[in-house]
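Here are a few exercises to work through with the viewer open. Try each one yourself before reading the solution.

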Amino acid sequence: MAEISHPNVKYEWYQTESSVTISVLIKKLKPENVRVDIVDAKLSCLAKLEDDKDFSLTLHLAHGIQADKTKWKVLPTKIEIKLQKTEAIHWEKLVEKPSEPEPKADKIIKTYPTSKTQKKDWDKLEAQLKREEEDEKLEGEAALNQLFQKIYREGSDETRKAMNKSFMESGGTVLSTSWNEVAQKKVDIKPPDGMEFKKWD
């Protein structure tokens with residue numbers, strides 16, 4: 001969730017494997033008039049604008065960061081805040097969406113007069129199904145396919161690009177997860193030992 005006190009002030013962000021950088025686009029700020037605080041996964045940025053008005057930005061971050069390693073600086077056109085991730089994972093979003101309030105019991109009864117008000121824990125059910133899927137003992141090609149699907153599902157954008165490019169260009173004989181290895185050149189066809197690749201006419 002993001003809370004911003006000035007509708008004309010925008011912010012943008014980008015990330016690397018280990019950090020997230022947020023740029024708050026405000027010009028001509030004095031460093032002594034800017035303050036950045038981090039508590040848990042909540043970031044607050046306060047500043048006094050050129051017209052002497054107060055500005056505030058609060059971000060409820062989607063993932064944990066190392067608060068003690070936060071760095072920020074005031075540049076002529078923006079405030080730049082660099083955050084260190086606690087895990088080297090790709091962030092799909094910067095801020096956490098607020099959770100929807102649970103409906104009141106009397107509202108549930110009015111909507112569904114004949115049903116019970118017992119609430120299913122869908123997150124728990126999803127986690128259980130995922131656990132059962134992972135525990136399922138597959139063998140041979142099925143186990144290999146399941147492993148590749150897991151790598152693709154949990155991988156970064158670059159990992160997915162590398163897998164798609166290597167698989168397509170090699171005719172399904174090579175599957176690479178390293179974008180650095182496959183980005184600059186075409187992936188050659190590598191049939192298994194003892195086999196020969198032939199094109200169908």
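**Exercise 1.** In what order do the four strands of the open sheet stand, and is their pairing parallel or antiparallel?

*Solution.* Keep in mind that this is a predicted model. Start with the order: the strands line up as β1-β6-β5-β4, and the pairing is antiparallel. Next, look at the ends: β1 (2-4) and β4 each have a single partner strand, so one side of each has no neighbour in the sheet. Then check the angles: ignoring direction, neighbouring strands here are turned by 10 degrees against each other on average. Finally, zoom in on the β5 and β6 pair, which is antiparallel and joined by seven bridges. Within that region, Cys45 sits opposite Leu57 in β6.

**Exercise 2.** Find which residues touch the most other members of the largest nonpolar core, then trace the contacts of Leu83.

*Solution.* The core has 25 residues, and Ile22, Val24 and Leu83 touch the most other members. Two or more core residues come from each of β3 (19-25), β4 (34-39), β5 (42-48), β6 (54-60) and β8 (78-84). Now take Leu83 and skip its neighbours within four places in sequence: its contacts include Val20, Ile22, Ile38, Leu43 and Ile65. Ser18, Ser19 and Thr70 are also among them.

**Exercise 3.** Work out how the protein reads along its sequence, and what percentage of its residues is buried.

*Solution.* Count the elements: there are five helices and eight strands. Along the sequence they follow β-β-β-β-β-β-β-β-α-α-α-α-α. For burial, take under 20% relative accessible area as the cut-off; buried residues then make up 23% of the 201 residues. As for the surface, the protein exposes about 15700 Å², with carbon and sulfur atoms supplying 50% of it.

Conventions. Residues are numbered from 1 along each chain as its sequence is written. This is a predicted model: local features need pLDDT of at least 70, side-chain atom pairs count only at pLDDT 80 or more; totals for chains, interfaces and linings use all residues. Side-chain values use heavy atoms; hydrogens and water are left out. A nonpolar core is a set of buried Ala, Val, Leu, Ile, Met, Phe, Trp, Tyr and Cys residues joined through side-chain atoms within 4.5 Å. Buried means under 20% relative accessible area, exposed over 50%, partly exposed in between (1.4 Å probe, protein chains only). Contact means heavy atoms within 4.5 Å. Two strands pair if DSSP finds at least two bridges between them. Axes are lines fitted to C-alpha atoms, for helices over the stretch in contact, and angles run from 0 to 180 degrees between N-to-C directions. Accessible areas come from the Shrake-Rupley method with a 1.4 Å probe; for residues, only the protein chains shown count as cover.
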